[in-house]
Amino acid sequence: MNLDTRQPMIDDLGVLETAALLRELTAGLIAVADFDEALDRLVRIARDAVPGVDCCGFTALRAGEPAGVAASDPDRAELDDLRHGPDTPALTAIRRREMIIAGGLAEESRWPTWSTRARALGVHGVISAPVDVDEQVIGAINLYASSPGALTPSHQLTAMLLAEHAGLLLAAVRDRERATARAGQLDGALLAEGVVGQAVGVIMTQRGCPAVEALDVLRSAASSLDIPLREVAERLVLTVSRPRDN
């Protein structure tokens with residue numbers, strides 16, 4: 001029996017490409033602690049990894065207000081920017097909480113002004129998928145094609161999986177961003193504390209290093225000795241303040 005295996009091979013290839021995209025996305029965002037940087041990496045990776053997609057953008061809202069955009073092609077960034085008008089596929093996807101597909105913008109009537117701008121920029125198809133990040137931030141990832149009809153059901157599935165995965169990764173980025181901010185505030189408070197600040201000053205003098213690095217040295221010593229940071233600082237200050245024997 002002769003079986004036509006061409007379609008399954010195409011489907012398998014789509015699955016493999018999507019899996020590779022998600023792996024690359026995870027690797028690209030796993031250690032990022034800046035939300036804007038994460039968005040920039042996200043749109044570049046998606047553009048390069050999804051066949052048939054010529055550019056990719058991300059529209060973000062924070063507490064219901066525009067909170068920035070990212071675009072793989074800076075010349076087309078205005079398509080993701082709500083400051084140019086709220087009547088866009090991205091905002092429709094966010095408001096309706098569902099994927100929005102427009103395979104041919106020449107016949108599209110939902111966003112006439114936006115569609116005219118998009119076609120002028122060489123975009124003729126779009127998929128916008130909502131992305132849930134956390135309680136404050138939501139958004140949409142936007143896949144653009146330069147040819148009408150280029151975006152297929154396979155692209156829709158990829159966009160859905162991409163949006164789900166991106167939401168999880170971006171939530172983790174937001175957590176790291178907040179943790180970094182809290183750590184910075186804590187470091188400032190520690191450096192302002194008398195004995196810890198004095199100990200940091202001693203280490204800075206001895207090693208010729210900045211305050212942040214000196215504080216890390218103090219923390220490392222506290223961890224190694226399994227004693228509180230303040231106690232390590234007190235010991236160091238006491239040691240250097242003792243008069244030397246002649």
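Is Glu98 buried, partly exposed or exposed? Glu98 is partly exposed, with a relative accessible area of 32% (buried means under 20%, exposed over 50%, partly exposed in between, using a 1.4 Å probe and protein chains only).

## The model

This is a predicted model, where local features need pLDDT of at least 70, side-chain atom pairs count only at pLDDT 80 or more, and totals for chains, interfaces and linings use all residues. Residues are numbered from 1 along each chain as its sequence is written, and side-chain values use heavy atoms, with hydrogens and water left out.

## Overall build

The protein chain has eight helices and five strands (DSSP runs numbered from the N terminus: helices are H or I with at least four residues, strands are E with at least two). Read from the N terminus, the order is α-α-β-β-α-β-α-β-β-α-α-α-α.

Of the 246 residues in the chain, 40% are buried. Take the contacts (heavy atoms within 4.5 Å) between residues at least 6 apart in sequence: 58% of them join residues at least 24 apart.

## Where α6 meets α7

Helix α6 (residues 194-207) packs on helix α7 (residues 211-225) at about 105°, and their axes are 9 Å apart. Axes here are lines fitted to C-alpha atoms, for helices over the stretch in contact, and angles run from 0 to 180 degrees between N-to-C directions. That makes the two helices roughly perpendicular (65 to 115 degrees; under 35 is roughly parallel, over 145 roughly antiparallel, the rest oblique).

On the α6 side, Val196, Ala199, Val200, Ile203, Met204 and Arg207 make the contact, while α7 brings Ala211, Ala214, Leu215, Val217 and Leu218. That set splits into 10 nonpolar residues, no polar ones and one charged (Ala, Val, Leu, Ile, Met, Phe, Trp, Tyr, Cys and Pro are nonpolar; Asp, Glu, Lys and Arg are charged; the others, Gly among them, are polar).

## Salt bridges

The whole structure holds 11 salt bridges (a side-chain nitrogen of Lys or Arg within 4 Å of a carboxyl oxygen of Asp or Glu). One of them pairs Arg96 with Glu98, with 2.6 Å between the closest N and O atoms.

Another joins Asp132 and Arg97 at 2.3 Å, N to O. This pair ties together distant parts of the chain, 35 residues apart: Asp132 sits in strand β4 (residues 125-132) and Arg97 in the loop between α3 (89-96) and β3 (100-102). Asp132 is exposed at 52%, whereas Arg97 is partly exposed at 36%.
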